Amino acid sequence: MPDRPMISIENVSRYYGSYRALDDVSLEIGAGEFFSLLGPSGCGKTTLLRSIAGFDVPTAGEIRIDGTPSTLLPANRRPTNMVFQNYAIFPHLDVGENVAYGLKRLKLDAAEERRRVADALDQVRLTGLDRRKANELSGGQRQRVALARALVMRPKVLLLDEPLSALDKKLREQMQVELRSLQKAVGITFILVTHDQYEALALSDRIAVMFGGRIAQVATPKEIYQRPRTRRVADFLGGMNFLQAKLTSERSDSVSVETARFGTIRLERPKGFAPTNGHVTVGIRPERLRLLWDDERAPHELVGRVENRAYFGEVTHLTIGVDGLEQPLSMIETNDYGADDLPLGADIRLAYDPEAFVLLAEEGGSRQ
Amino acid sequence: MSSVAIDSSPGAVKPAARGRWMRSEEARGLAMISPTLLYALALLLVPVTLVVAYSFWTQNYLEIDRSFTLENYRQALTEPIYRDLFIRSLWISLATSAITVGFSYPVAWFISFHGGAHRNLWLFLVTIPCWTSYLLRVMSWKVILGYGGVLNTGLMSAGLIDQPITSLLYNANAVVITLVHSWAAFAILPIYVSLQKIDRSLIEAARDLGDGPMRAFLRVTLPLSMPGVVSAFLIVMIPTVGDYVTPKLVGGKDGVMIATAIQAQFGKGANWPLGAALSVTTMVLVSLVAAAVVLALRLVVRRIR
């Protein structure tokens, strides 16, 4: 939890007729935090961001920005600035005029205004492009102009609405690095909306995963990836092998479950854990399964055969059929030892670490 | 584009190039518009050339003296009657277009921004007055604006005035009122189209950067809808300068415009060259004023920053 909340969202709901875009969302975002709202399209993440920006008024609930009740405050009176998904660069103004747009209202003297515009352009590495026309910019440059235009206002919170989704992969990865270092440099709160789990994992201090207008989990990237609370969160943040298991014993801090083929596994007991009639779901990430070559041995082994293989350059994704399991297992193997040359149908042995399993809660907390 | 790869045999460059052009997008487009283009060109060039030619000739009773003279232009530009008519025509058309654009902008803005799902219905309603004949619409304004007309009797029965207002009909005001109504739909549509093209996130960006609704409108919506405003202005201004029917029907003595004088020269006056010179002068003046208006509008918008 942040020590001083910059944004606090209390029981916010937004209904469009009978459709709930936001359903009783509560959240605190700390000062100086890089926070991501992650979820599939239609999960309410953009509605939440627009409510913070002041473009959308929640049906119920309260939004505070830096302690000020702001639910009904118009966008122009909030200490927030936004980078729009399509960047919304004013086509009738050049780069310098775009960046200076918000400064005009502050009635700075000409030299001060020029200095702030130049500083903002330096910050996003567009030095000297201020006379460039809006339609002469590349996608990456437009994005930088949008960033500079927002940052020049020195907002308390910068809101980013899928800012990288329009860029190609290479540029996107480069901009991720720049966004992260920019946030460290200016030290203000960044709130990023994205549907790309890798972007959220790479950039954020904390991530809120949203489904159907509700927040499913808020945690650090590492925690949310390694200890997802529900099956849906686990599934959305990359691949996961799900196994049905039976609860055998329960203690205050741990539980033991019995699974087909993997045997008895002891797991950390998640907060608020409540099994439904003794049946639970456990999961293990594909990269936590490992192929065993030749006479290599591991304490926990399983035999199976290769059912499918997909080559991804540095890694190969394998689908392994195991007798006694309903679903085949998926695993990711680096290509150092020739996983990419394994013939289909080959018998293999794989190793797993019982510690890598996570116990997943049922979907009771979220609604479709 | 695919024809490039097929036709690139190096031996026969020229025929291949021609064949390529014949099959190109451009050639097909030209072929497609050529009937209309030729028709339009013929009907534009021939009459305009004729009028320009006539304006340099002289009427000699029933004969036309085809020797070159500038006498017609001297008369058109120096005779006080024509000068007054030019000024009045330009003034009426400028006032009409300014008022029309002024009234149409809010309507177009409302339909574009708050029309919701019923935008097309609104646009359809806007065009309804155009369903009746232009002549009928002008005539009905006579009924509304007349001495014992709808407006006067209405205001009198409401107790707002004791005497009928006489300044409503048969003067320049009546011409302006009637023209504004006739041309409103033609101004609303281009403004609506240009407002429709504005990305709504630009207005949100302006609000986000600290502008209130009014400032965001002045700094973003208005400049970006300027192409629509300019075309609406020109669409209304250019035809109204030479309008003949409206001044004839509701203009009275004080509402006479240049078209009436031109008609008189081609008709009763039987001085086609002078009529032609007046027409050409009107065309040139309209073009100049239109250009000046466009420049002025651009300049004003550029000042709002």
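Tutor: Gladly! Let us begin with pairing: two strands pair if DSSP finds at least two bridges between them. Keep in mind that this is a predicted model.

Student: What makes β1(A) and β2(A) a pair?

Tutor: The cut-off is at least two bridges. Eight bridges join strand β1 (residues 5-16) of chain A to β2(A), so the two count as paired, and they run antiparallel.

Student: Which strands make up the open sheet, and in what order?

Tutor: Four strands of chain A, in the order β2-β1-β4-β5, with antiparallel pairing.

Student: Why do β2 and β5 of chain A stand at the edges?

Tutor: Each has a single partner strand, so β2 (19-30) and β5 (68-69) of chain A both have one side without a neighbour in the sheet.

Student: How do you know that Ala148(A) touches Val99(A)?

Tutor: Contact here requires C-beta atoms within 7 Å. Val99(A) is listed among the residues that Ala148(A) touches, together with Ala120(A), Leu121(A), Gln123(A), Val124(A) and Leu126(A), so each of these pairs meets that cut-off. Residues up to four places away in sequence are not counted in that list.

Student: What makes Ala148(A) stand out in the largest nonpolar core?

Tutor: That core has 107 residues, and Ala148(A) and Ile191(A) touch the most other members. Helix α4 (residues 139-151) of chain A gives the most to this core, with six residues. Another core, of 50 residues, lies apart from it, and Tyr170(B), Leu179(B), Val241(B) and Val250(B) are among its members.

Student: Which domains does chain B have?

Tutor: The domain assignment gives domain 1 (1-55) and domain 2 (72-303). Their C-alpha centres lie 37 Å apart. Their contact takes four residues from domain 1 of chain B and seven residues from domain 2 of chain B. On the domain 1 side, three are nonpolar, one is polar and none is charged.

Note on methods
Residues are numbered from 1 along each chain as its sequence is written. Chains are lettered from A and ligands numbered from 1 in the order in which they are written. This is a predicted model: local features need pLDDT of at least 70, side-chain atom pairs count only at pLDDT 80 or more; totals for chains, interfaces and linings use all residues. A nonpolar core is a set of buried Ala, Val, Leu, Ile, Met, Phe, Trp, Tyr and Cys residues joined through C-beta atoms within 7 Å. A residue is buried if 20 or more other C-beta atoms lie within 10 Å of its own, exposed if 12 or fewer, and partly exposed in between; C-beta atoms are placed from the backbone. Two residues are in contact if their C-beta atoms, placed from the backbone, lie within 7 Å. Domain bounds come from an automatic or database domain assignment. Ala, Val, Leu, Ile, Met, Phe, Trp, Tyr, Cys and Pro count as nonpolar, Asp, Glu, Lys and Arg as charged, and the others, Gly among them, as polar.
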